[in-house]
Amino acid sequence: MRRRVFSGARPTGNQHLGNYLGAIQNYVKLQDEYQAIYCIVDIHALISLEDTGLLQGNIHNMTLDWLAAGLDPEKSILFVQSHVPEVMELHTLLSMVTPLSWLLRVPTFKEKVKVQPQNVNYGLVGYPVLMTADIVLYKAELVPVGEDQLPHLELAREIVRRFNNIFGDTFPEPQAKLTSLPLVLGLDGKEKMSKQLGNDIELALSEEETVARIMTAVTDPARRYRNDPGHPEICNIFRLHKYFNPSGTDDLANQCRSAKIGCVDCKQLLAGEINSTLRPFRQRRAELADNPKYVTEVLADGAERARRIARETLGEVKQNMGLL
Ligand code: ADP
């Protein structure tokens with residue numbers, strides 16, 4: 001059996017640079033080496049998505065983003081979480097071995113309680129258990145994710161260890177796989193780039209929209225006037241330059257420190273670098289968008305393939321737990 005890799009993302013909208021640099025790049029790389037399984041986790045999205053009427057459109061757009069970024073349905077299984085209902089069964093079974101205290105101390109749970117105090121639902125606290133079920137249903141060994149997901153993954157490993165201790169070796173302990181840029185900051189330069197925080201740059205923007213978005217970015221807060229010397233080491237725009245144009249950054253840092261270049265020009269340069277990097281992606285995405293039937297077929301085929309693996313694992317789990 002080929003070793004498996006699994007990852008998921010919520011269909012909360014189009015994918016952004018944080019998703020791409022923190023996770024999708026690894027999804028693409030790993031599909032050559034592993035049996036890769038990537039899931040659009042629509043049930044997770046219900047935890048905070050107020051307008052569920054957006055879900056189907058978001059799923060479609062995310063699939064376009066993934067395909068355009070290089071995910072190949074011949075190599076990877078791409079599917080929607082709720083199309084493989086076995087995951088909900090496994091979630092219930094795993095919930096029986098997960099102490100509530102473990103879930104209550106998860107940092108993202110505490111944050112969400114603050115963000116949506118009017119809707120602290122059971123799904124919110126159970127999120128990491130469902131995420132564990134997502135991963136272990138496929139016995140995945142590797143999980144490409146951004147740094148923000150590490151606490152969840154650690155918890156998944158604890159749940160697996162506990163399950164294996166009680167019911168015998170059933171699941172491998174999943175390991176996180178980070179990219180070289182595991183935490184991309186948003187345009188505010190403070191928080192992680194995130195759709196919900198409105199500080200993101202969507203991959204599918206037009207070139208003009210990309211320039212306009214980059215122009216809103218916060219740079220070095222100590223640099224108030226054009227002639228002030230800059231501090232590239234604390235500037236988020238510089239951090240992105242390092243990724244998109246690594247060979248030009250020494251020169252750019254010197255120009256910034258000596259105030260030879262201003263933040264507006266520096267942002268223009270970055271927008272140009274991002275646009276040229278994303279040009280092939282955007283072209284492929286536009287072509288794929290012309291054929292919505294193809295996206296539906298990819299997801300239907302993916303669900304069928306995922307379900308075959310899921311049924312097998314669930315049978316083994318039930319046997320080990322004494323249910324069969
Ligand atoms: P989820 O809400 O299910 O985590 P997201 O859409 O937030 O889905 O993220 C999908 C993937 O992209 C996850 O692996 C996440 O860690 C990664 N990711 C999201 N935002 C960033 C970011 N700003 N920097 C690095 N990785 C990120």
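**Ground rules.** The model is predicted, with local features needing pLDDT of at least 70 and side-chain atom pairs counting only at pLDDT 80 or more, while totals for chains, interfaces and linings use all residues. Residues are numbered from 1 along each chain as its sequence is written, and side-chain values use heavy atoms, with hydrogens and water left out.

**Ligand shell.** I looked up the residues around the ligand and found 17, where near means a heavy atom within 4 Å. The closest are Arg10, Gly146, Asp148, Gln149 and Val184. Helix 1 (residues 17-30) gives the largest share, 4 residues; helices are DSSP runs of H or I, at least four residues, numbered from the N terminus. I sorted the shell by class and got 8 nonpolar, 6 polar and 3 charged residues, with Gly counted as polar.

**Ligand N and O atoms.** I then listed distances for pairs of N or O atoms within 3.5 Å. A side-chain N or O atom of Arg10 is 2.4 Å from a ligand oxygen. For the side chain of Gln149, the distance to a ligand oxygen is 2.7 Å. Val184 uses a backbone N or O atom, 2.8 Å from a ligand nitrogen. The protein covers 94% of the 540 Å² of accessible area that the ligand has on its own (Shrake-Rupley, 1.4 Å probe).

**Helices 10 and 12.** I checked helix 10 (residues 236-244) against helix 12 (residues 263-289): the angle is about 35° and the axes are 10 Å apart. Axes are lines fitted to C-alpha atoms over the stretch in contact, and angles run from 0 to 180 degrees between N-to-C directions. On the helix 10 side, Ile237, Leu240, His241 and Phe244 make the contact (heavy atoms within 4.5 Å). Their partners in helix 12 include Leu270, Glu273 and Ile274. By class, this contact has 7 nonpolar, 2 polar and 2 charged residues.

Methods
Helices (H or I, at least four residues) and strands (E, at least two) are DSSP runs, numbered from the N terminus. A polar contact is a pair of N or O atoms within 3.5 Å; within protein, one must be able to donate a hydrogen and the other to accept it, and residues adjacent in sequence count only if both atoms are side-chain atoms.
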